[in-house]
Amino acid sequence: MNQSDKSTPHVDSSDQTNAGTSRRQFMQTGALAAAGFFIVPRHVLGGKGFIAPSDKLNIAGVGFGGKGFSDTNNSYNNGANNMVALCDVDWGLARVKENFTKHPNAKRYKDFREMLDKEGKNIDAVTVSTADHTHAVIAMAAMQRGKHVYVQKPLTHNIYEARMLTEAARKYKVVTQMGNQGSSNPQQKQMVEWFDKGLIGNVHTINLWTNRPVWPQGIPVPQAASETPVDLDWDLWLGPAQKVGYTPAYHPFKWRGWWNFGAGALGDIGCHIMDVPFRVLGLGYPTQVETSIGQVFLKDWTPEYIPEGCPPSSHVELKFPASSKNKSAVTLVWEDGGLRPFRPDMLPEGEAMPENGENGVLMHGDKGLMICGMYGDNPRLYTKSGDKLVAAPKPTGGLPENGHQVLWTEACKAGFNSKEHKALTSSFDFAGPLTESVLMGNLAIRSYTLRTPKADGKGFDYPGRKRLLWDGKNMKITNMDEANQFVKREYRQGWSLTA
């Protein structure tokens with residue numbers, strides 16, 4: 001049977017109760033009833049460091065040949081939880097083989113739908129670390145079964161999917177987290193405190209930049225398919241994307257540069273870098289977006305036209321309205337592909353730009369300047385009066401490297417709307433709108449490449465090379481209907497996304 005002809009799984013509302021929660025509740029109430037007045041602490045029964053089986057989360061990992069390797073194992077947390085199932089479409093990848101060896105008792109699958117059908121009652125939570133184009137269908141299938149989900153950044157491939165997952169998390173009452181681990185960086189709290197104290201005043205301009213893409217991008221579309229590796233289910237890897245032949249120019253990793261699968265430099269790093277001003281300023285939906293992109297020339301005087309691929313570089317400007325937290329309208333400027341902003345006047349000579357110019361954040365206020373690197377690292381503040389503030393180094397014994405995933409697992413155990421859940425820094429209530437704004441840049445980039453032949457047949461018009469006006473609530477460009485084709489995608493036959 002063709003894998004892609006299976007529909008996305010749905011379950012009755014009776015299956016939406018989290019299996020792990022029910023199991024833990026039974027263990028707790030049953031033990032109390034049996035013991036009556038006599039209760040023995042777990043650490044006495046099991047020894048120091050013992051974790052009762054009822055306190056372990058049963059996790060399934062989908063996609064672990066790349067970033068998913070750390071996502072699954074950080075969530076596993078050295079045995080604090082159980083890894084009950086592992087799912088990847090390519091069993092030939094080195095990290096897939098390593099994870100199979102690391103978790104010999106975990107059931108192995110290639111099709112996430114088969115995994116959920118067979119292991120659903122044994123699973124409490126699912127990590128999703130696949131290529132961007134399959135995030136939404138996997139996460140939605142898990143949430144519909146009442147499973148908590150951790151989804152790598154960007155949350156989804158397009159704006160519509162981000163809105164769907166955000167609303168589904170509330171509907172199915174599951175604990176969610178996006179994999180922009182910098183959001184759990186304690187140094188971001190320092191930046192929030194500085195801003196809330198009014199030290200830089202109201203922010204009017206934000207500069208964000210990255211050295212991405214660090215993979216081939218802006219290149220011609222591969223013309224010849226290659227022989228599919230024996231351990232790879234290519235049709236299943238494609239999922240809802242339009243069918244194309246296998247080539248190593250797509251998998252592994254290089255899929256990021258193709259709109260059929262990835263979201264370019266913005267999708268890769270935008271949720272890390274844009275996270276900082278979103279958190280500090282409390283930004284919402286943008287109202288306008290405009291862009292320009294780098295060109296590629298393989299022949300003299302003739303730029304390549306590659307609408308299937310992300311550009312080698314881009315410059316994007318998003319406009320945000322003033323808010324109750326930040327009284328000024330904001331212009332957010334994003335640059336990638338080696339482009340970066342010039343040094344601001346308030347950055348004294350001798351003071352370095354963040355991360356030597358590779359990745360960074362500048363927030364310009366009417367009283368000062370606040371800067372940091374990716375993930376909110378190493379924040380600094382400079383006032384117009386010449387004062388400089390530097391955040392204290394990360395404390396020894398502070399949030400561990402796996403903290404972002406571990407906080408999610410602990411929130412899953414505590415349950416939906418628990419204080420642990422509400423304390424998460426990138427649940428879908430935050431991550432969804434953030435991802436929508438990141439992907440708004442991609443909507444503008446793709447609109448920029450739209451073209452129509454001129455009436456005289458000499459050359460083309462480019463209707464999308466203008467400022468686009470965005471109605472965030474209704475997910476619609478209001479001044480160019482052709483741009484709205486990039487709000488969502490057409491799924492391949494046999495695939496769908498319904499809440």
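I will go from the whole chain to its pocket, then to its cavity, and end with one histidine.

First, the ground rules. This is a predicted model, in which local features need pLDDT of at least 70 and side-chain atom pairs count only at pLDDT 80 or more, while totals for chains, interfaces and linings use all residues. Residues are numbered from 1 along each chain as its sequence is written, and side-chain values use heavy atoms, with hydrogens and water left out.

Now the chain. It has 14 helices and 20 strands; these are DSSP runs numbered from the N terminus, H or I of at least four residues for helices and E of at least two for strands. Of its 499 residues, 55% are buried, meaning under 20% relative accessible area with a 1.4 Å probe, protein chains only. Take the contacts (heavy atoms within 4.5 Å) with a separation of 6 or more: 71% of them join residues 24 or more positions apart.

Next, the pocket. A pocket here is an open set of points on a 1 Å grid over the protein atoms alone, with protein on both sides within 12 Å along at least five of seven lines; lining residues have an atom within 4 Å of a point. The largest pocket has a volume of about 720 Å³, volume being the space filled by probe spheres set on the points. Where does the largest pocket lie? Domain 1 (53-180) and domain 2 (183-220 + 256-395 + 425-486) both contribute to its lining, so it lies between them. Those bounds come from an automatic or database domain assignment. The lining has 39 residues, with Gly66, Ser129, Thr130, Ala131 and Trp255 nearest the centre. Helix 10 gives the largest share, three residues.

On to the cavity, a set of grid points where a 1.4 Å probe fits but cannot get out. The search of the whole structure finds one of 30 Å³ or more, and the largest cavity has a volume of about 50 Å³. Helix 10 and helix 14 (428-448) each give two or more residues to its lining. Here too, the largest share is three residues from helix 10. Among the lining residues are Trp259, Asp336 and Asn442.

Last, histidine 404, which lies in helix 12 (residues 403-414). Is histidine 404 buried or exposed? It is buried, with a relative accessible area of 2%.

Conventions
Buried means under 20% relative accessible area, exposed over 50%, partly exposed in between (1.4 Å probe, protein chains only).
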